[in-house]
Amino acid sequence: CPHHICLMKCVKAIHMNGNAVTQNGFNPPSIPTPQPQSECQLPTPTPIVQREQWGGKYEFLLSCIGYCVGLGNVWRFPYLCYRNGGGVFLIPYFIMLIVTGVPLFLMELSLGQYGAAGPITVWKCCPLLKGIGIGMLCVSTLVCLYYNVIIAWTFYYLGSSFQSPLPWSCEALANAAICNNTANNSTGKVLTPTEIFWNEQVLGVVGSKGLHDPGPVRWPLALCLLAAWIIIFLCMLKGIRSSGKVVYVTATFPYFVLIVLIIRGATLEGSLQGVAFYLTPDWSRLANAQVWNDAASQIFYSLGIGVGGLLSMASYNKFDNNVIRDTIVITTGNCCTSFFAGFAIFSVLGHMAYRKGVPVGEVADTGPGLAFVAYPEALALLPGSVFWSIMFFLMLFMLGVDTLFGNMEGITTAVLDEFPHLRGNPLQKSLFLGALCFFFYLMGLLLVTNVSMFVFNEESDVSACVNQFCQDILDMIRHCPPWCGKVLIYFKACWVFCTPFLLLVSLHLN
């Protein structure tokens with residue numbers, strides 16, 4: 001019929017114009033040929049802004065490692081081990097990693113790479129689930145607010161590290177009386193200069209009675225927070241191609257510093273007591289539900305699952321990138337780094353316990369500030385402590401920026417995909433990013449008051465869908481080794497049975 005002939009001519013004209021849909025870096029070859037005359041009036045195609053792509057597979061790999069290997073590996077994992085009885089925490093930790101962390105990590109990377117879109121737009125395949133993407137943005141926003149405050153703390157310590165002697169060392173004149181006293185507060189508890197520096201000069205918790213008494217904004221920390229957001233703004237402004245080059249330094253430098261601290265810690269008296277406390281499991285703690293809940297939360301916190309950062313970074317991959325290989329490499333490297341950093345923490349805790357004459361479990365207050373107490377004391381014991389203090393807190397800054405960049409990328413990618421005209425206009429994109437960073441800075445001022453630590457402490461046919469999702473992964477990895485298909489059988493079992501069951505149990509226990 002005439003209408004059918006007209007439709008076929010329209011389709012043929014579209015393909016001959018080279019307007020076929022492209023998929024994440026794969027452009028079908030188009031041969032320019034003279035456009036045939038057609039009585040159909042084709043609508044003018046809307047110009048599509050080309051998405052960026054990683055300069056190479058190693059840039060994506062290192063960016064994901066930098067995103068996952070962050071401050072949580074240095075201060076949160078040792079803190080949870082310390083709170084949950086030492087080495088016994090490693091058992092539920094690796095169980096949660098294998099059964100929940102790795103399968104969900106692969107799911108998020110695969111979804112982002114296959115859809116080539118951010119946390120909201122990627123659900124165009126099922127608009128009913130767009131709320132998941134919005135929920136990711138809400139969680140990512142909360143993470144960005146407090147995570148950059150931790151970076152501000154590192155800035156404060158970094159600036160203080162340019163003093164000789166270090167202001168938290170016993171060599172400082174202001175600490176002479178403190179180091180000579182056996183009990184320096186009203187409770188009779190022995191406090192070190194590092195603990196006093198952390199609680200009084202950095203947090204100011206001694207000047208607050210609780211959340212109802214926030215006190216004034218601590219302006220030295222507020223300036224550090226402003227500097228941190230300015231640096232994040234400049235990093236985000238350059239795009240993924242330039243940031244992919246920076247991770248060659250920021251993702252590898254922390255390992256050099258950790259090796260130095262482990263070697264120095266091993267030479268300290270009493271360090272073996274700390275390592276023994278770290279590795280010796282207290283089997284009775286396995287019956288405590290809080291230990292399992294902390295293990296699950298640490299896996300999600302450390303791997304960055306469910307906040308949109310992984311999904312957004314994977315959306316800039318080439319369509320045929322081997323996402324299974326990347327998942328295994330990144331998750332293994334992340335958790336090994338957490339285990340590796342624990343030796344640097346606990347060797348120093350053993351030395352602190354030896355000096356105080358108390359068990360390792362009583363050597364310091366449990367809390368997110370453990371690394372800001374144990375690590376500064378370790379640095380004060382190193383020869384050339386000023387130099388190593390600068391290097392260490394510079395390392396913390398690099399770890400924090402890498403992770404925060406991934407969280408911010410999840411937010412910005414979601415917005416830019418929903419409003420693509422911003423991506424094609426550098427000025428509008430810069431204004432949007434600047435307004436977002438400034439808004440986060442204003443919200444973060446609450447966390448640089450005397451109550452900052454109080455706020456931190458409060459903080460259908462399934463089988464058919466899973467089968468199709470696995471097939472999509474195999475289709476995406478065109479040159480898939482034979483082992484990839486066998487590994488997917490394990491992930492399929494986790495997605496359908498193991499992971500949902502463990503998450504429901506963990507949610508119930510919480």
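Student: How many aromatic pairs does a search of the whole structure find?
Tutor: The search finds 30 aromatic pairs. A pair here means rings of Phe, Tyr or Trp (its six-membered ring) with centres within 6.5 Å; planes under 30 degrees apart count as stacked, over 60 as edge-to-face and the rest as tilted. Keep in mind that this is a predicted model: local features need pLDDT of at least 70, side-chain atom pairs count only at pLDDT 80 or more, and totals for chains, interfaces and linings use all residues. Residues are numbered from 1 along each chain as its sequence is written, and side-chain values use heavy atoms, with hydrogens and water left out.

Student: Why is the pair of Tyr-157 and Trp-168 called tilted?
Tutor: Their ring planes are at 55°, so the pair counts as tilted, and the centres are 5.3 Å apart.

Student: Which parts does that pair tie together?
Tutor: Tyr-157 is in helix 5 (residues 130-160), while Trp-168 sits in the loop between helix 5 and helix 6 (176-180), so the pair links parts 11 residues apart in sequence. By the way, helices (H or I, at least four residues) and strands (E, at least two) are DSSP runs, numbered from the N terminus.

Student: Are those two buried or exposed?
Tutor: Tyr-157 is buried at 0% relative accessibility, and Trp-168 is buried at 2%. Buried means under 20% relative accessible area, exposed over 50%, and partly exposed in between (1.4 Å probe, protein chains only). Both rings also belong to one aromatic cluster, whose members include Trp-153, Phe-197 and Phe-392.

Student: New topic: where does UniProt place the "binding site" feature?
Tutor: The unreviewed UniProt entry puts it at Gly-66, Val-69, Asn-73, Ser-302, Asn-334, Leu-399 and Asp-402. Those positions spread over 337 residues of sequence, yet they cluster in space, with a largest C-alpha distance of 13.3 Å. UniProt positions are given in the numbering used here, feature names are shortened, and annotations may be inferred rather than shown by experiment.

Student: What does Asp-402 touch?
Tutor: Not counting residues up to four places away in sequence, Asp-402 touches Gly-66, Tyr-67, Val-247, Thr-250 and Ala-251. Contact means heavy atoms within 4.5 Å. Asp-402 is in helix 16 (residues 385-418) and is buried, at 9%.

Student: And where's Gly-66?
Tutor: Gly-66 is in helix 2 (residues 57-68). Gly-66 is buried at 3%, and its contacts beyond four places in sequence are Leu-399, Asp-402 and Thr-403.

Student: What about Val-69, where does that lie?
Tutor: Val-69 lies in the loop between helix 2 and helix 3. Val-69 is buried too, at 7%, and among the residues it touches are Asn-334 and Leu-399.
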